[in-house]
Amino acid sequence: MNRLLVADDEFGIREIIKKYADFEGYEVAEAVDGMQAVAMALAEDYDLIIMDVMMPELDGFSACKEIRKQKKTPIIMLSARGEEYDRIHGFELGVDDYVVKPFSPRELMMRVAAVIKRSQGTKEEGDVFNYKGLSVDFSARIVTIDNQRVNMTPKEYDLFFYMVKNRGLALTRETLISKVWGYDFFGDDRTLDTHVKLLRKSLGEYSSCVVTLRGVGYRFEAE
């Protein structure tokens, strides 16, 4: 049985998540503020953490930062704010997914299942892709540029590896969301676009390899 930690200062939110999580067969622990969430996350092992941004004592972003210092437990962030800045900030801290309130509990459970499946999945095949000074080691999950390691968020790695493995192909938004996020996407494409923006920033001089196909999606070009 997979264990979830639900951190939210609103009792009603914790209850609805727990109700649906119980139905899906998850074991659920609850935290009422950021400080308690950090203490519980570091003291025990959870398969995934669902955490609200706005919490007393310590906000969700700060709590995520503290947890990431010691553990790589997958985190889904909840927020009443859907601005791009907040999404980018969360993803840069290593958040695995970002859900805007009000949300569909069923959709949230789909995202939970997808993130857990991905985090517990098998390693990538052990080949290496090289293009000029760019090197991608799929097995080790390491990207280097001119022998300098590039630090990416977990989702950036997933997105970049999929694009590199399918280089030269036109990848629709629907395909990228389905293959990288692993669930049927409900809503707009801002999550994908935000990660592409972060990815290009991480790639620096090789950012132009990620080509936007207007009205279609993206393609990785390395010729």
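**Helices and loops**

Q: Which residues of helix H3 are buried?
A: In H3, which spans residues 60-68, the buried ones are Gly60, Phe61, Ala63, Cys64 and Ile67. Buried means under 20% relative accessible area, exposed is over 50%, and partly exposed is in between, using a 1.4 Å probe and protein chains only. Helices (H or I, at least four residues) and strands (E, at least two) are DSSP runs, numbered from the N terminus.

Q: And where do those buried residues fall, seen down the axis of H3?
A: They fall within an arc of 160°, so they line one face of the helix. That arc is taken from the directions from the helix axis to the C-beta atoms.

Q: What covers the buried residues of H3?
A: The cover includes helices H2 (34-43) and H4 (84-92), plus strands E3 (48-52), E4 (75-79) and E5 (97-100). Contact here means heavy atoms within 4.5 Å.

Q: Before we go on, where does the model come from?
A: It's a predicted model: local features need pLDDT of at least 70, side-chain atom pairs count only at pLDDT 80 or more, and totals for chains, interfaces and linings use all residues. Residues are numbered from 1 along each chain as its sequence is written, and side-chain values use heavy atoms, with hydrogens and water left out.

Q: OK, what does aspartate 59 reach at the start of H3?
A: One of its side-chain oxygens comes to within 2.9 Å of the backbone nitrogen of phenylalanine 61.

Q: How do H2 and H3 pack?
A: Their axes are 9 Å apart, at an angle of about 20°. That makes H2 roughly parallel to H3. Axes are lines fitted to C-alpha atoms, for helices over the stretch in contact, and angles run from 0 to 180 degrees between N-to-C directions. Under 35 degrees counts as roughly parallel, over 145 as roughly antiparallel, 65 to 115 as roughly perpendicular, and the rest as oblique.

Q: Which residues make that contact?
A: From H2 you have Gly34, Ala37, Val38, Ala41 and Leu42, and from H3 there are Ala63, Glu66 and Ile67.

Q: What about H4 and H8, at what angle do they cross?
A: The axes of H4 and H8 (residues 190-203) cross at roughly 55° and come within 10 Å. That makes H4 oblique to H8. On the H4 side, the contact residues include Arg87, Ile88 and Phe91, while those of H8 include Thr194, His195 and Leu198.

Q: And H6 with H7?
A: Helix H6 (residues 154-165) packs against helix H7 (residues 173-181) at an angle of about 125°, and their axes are 10 Å apart. H6 and H7 are therefore oblique to each other. Among the residues making the contact are Leu159 and Tyr162 of H6, with Leu176 and Trp181 of H7.

Q: What's the phi of lysine 132?
A: It's positive, about 55°, although lysine 132 is not a glycine. Lysine 132 is in the loop between strands E6 (128-131) and E7 (134-137), and it is exposed, with a relative accessible area of 67%.

Q: Where does arginine 141 lie?
A: In the loop between E7 and strand E8 (142-145). Arginine 141 has a positive phi near 55°, in a residue other than glycine. With 28% relative accessibility, arginine 141 counts as partly exposed.

Key: A polar contact is a pair of N or O atoms within 3.5 Å; within protein, one must be able to donate a hydrogen and the other to accept it, and residues adjacent in sequence count only if both atoms are side-chain atoms.
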